[in-house]
Amino acid sequence: MATNAPTIFVIDDQASVRHAIGEMLNVFGFVVETFDSAETFLKDITAGRPGCVVADVRMPGMDGIALVSELARRNLSLPVVLISGHADVPMAVAGIKAGAEDFIEKPLDDAKLVAAINRALSRVFAEQDARLTHDDLAERFARLTPRQAEIFDLVAGGFTSQAIAGKLDLSTRTVESYRAQIMEKMQAESVAVLVRQAIRLKRISV
């Protein structure tokens, strides 16, 4: 797994709610961090961390809509999915105008929240990928060892870790270790991103 895997930052002043959301997202495979206020989150967050914020609109201190504006002011490109148990149309419009990715009413529909998070992450990664120049990619690829480059091509070609292990006479565990190193060096959050990189580098054809 890449070390720069996206994190879902859950912010809600109600402990029971943020813990429930965190546990649910863990089940779906997300890395989750929880915070009891927007202020606590802003003290902790650092630039460049990939992820998505899930924040309650109505919280003591800074509310969810103000948080969206503050993230933009700090130039932190984290999408925000706002949640609220008191949603109304003006509040939803204010949230979207402030730059929120989506607005979901409580009680939360798990599938709806996960879909909103996935849409937000896909958009952000697509934008990052589009900004990445061919030279940036080539420079990252040049940092791979010959063995890592070989496994890069096989992963991008659709081979599983087990198949690669058999093809190169390695253990599956060794291949998984190489894959993690490749994902980190190429700054790829998923195999899908790695395949797109391989296409742009003309390592594979479409």
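Trainee: Where does P107 lie?
Mentor: P107 is in the loop between β5 (102-105) and α5 (110-131). Keep in mind that this is a predicted model.

Trainee: And what kind of peptide bond joins K106 and P107, cis or trans?
Mentor: The bond joining K106 and P107 is cis, with omega at about -5°.

Trainee: Which residue other than glycine has a positive phi?
Mentor: D169, where phi is near 60°. D169 sits in the loop between α8 and α9 (172-186).

Trainee: Then let's stay with those helices. At what angle do α8 and α9 pack?
Mentor: The angle is about 110°, and the axes are 8 Å apart. Angles of 65 to 115 degrees count as roughly perpendicular, so α8 is roughly perpendicular to α9. The crossing of α8 past α9 is right-handed.

Trainee: Which residues meet there?
Mentor: From α8, S161, Q162, I164 and A165; from α9, T172, V175, E176 and R179. Sorted by class, the contact of α8 with α9 has three nonpolar, three polar and two charged residues.

Trainee: What about α7 and α8, how do their axes cross?
Mentor: Helix α7 (residues 146-156) and helix α8 (residues 161-168) have axes that come within 10 Å and cross at roughly 130°. That makes α7 oblique to α8. The crossing of α7 and α8 is right-handed.

Trainee: Which side chains or backbones touch, residue by residue?
Mentor: I can give you the residues. R147, E150, I151, L154 and V155 of α7 meet I164, K167 and L168 of α8. The classes in this contact of α7 with α8 are five nonpolar, no polar and three charged. I164 of α8 is also among the residues that meet α9.

Trainee: Changing topic: how is the protein divided into domains?
Mentor: The domain assignment gives domain 1 (7-131) and domain 2 (134-201). The centres of domain 1 and domain 2, taken over C-alpha atoms, are 31 Å apart.

Trainee: Back to α5, then. How do α1 and α5 pack?
Mentor: Helix α1 (residues 15-27) packs with α5 at an angle of about 70°, the axes being 11 Å apart. That makes α1 roughly perpendicular to α5.

Trainee: And the residues in that contact?
Mentor: I21, M24 and L25 in α1 meet D110, L113, V114 and I117 in α5. The contact of α1 with α5 is made up of six nonpolar, no polar and one charged residues.

Trainee: Last topic, aromatics. How many aromatic pairs are there?
Mentor: Four, counting rings whose centres lie within 6.5 Å. One of them is F9 with F35: the ring centres are 6.4 Å apart and the planes are at 45°, so the pair is tilted.

Methods:
Residues are numbered from 1 along each chain as its sequence is written. This is a predicted model: local features need pLDDT of at least 70, side-chain atom pairs count only at pLDDT 80 or more; totals for chains, interfaces and linings use all residues. Side-chain values use heavy atoms; hydrogens and water are left out. Domain bounds come from an automatic or database domain assignment. Axes are lines fitted to C-alpha atoms, for helices over the stretch in contact, and angles run from 0 to 180 degrees between N-to-C directions. Helices (H or I, at least four residues) and strands (E, at least two) are DSSP runs, numbered from the N terminus. Angles under 35 degrees count as roughly parallel, over 145 as roughly antiparallel, 65 to 115 as roughly perpendicular and the rest as oblique. A crossing is left-handed if the near helix is turned anticlockwise from the far one by less than a right angle, and right-handed if clockwise. Contact means heavy atoms within 4.5 Å. Ala, Val, Leu, Ile, Met, Phe, Trp, Tyr, Cys and Pro count as nonpolar, Asp, Glu, Lys and Arg as charged, and the others, Gly among them, as polar. Rings of Phe, Tyr and Trp (its six-membered ring) pair if their centres lie within 6.5 Å; planes under 30 degrees apart count as stacked, over 60 as edge-to-face and the rest as tilted.
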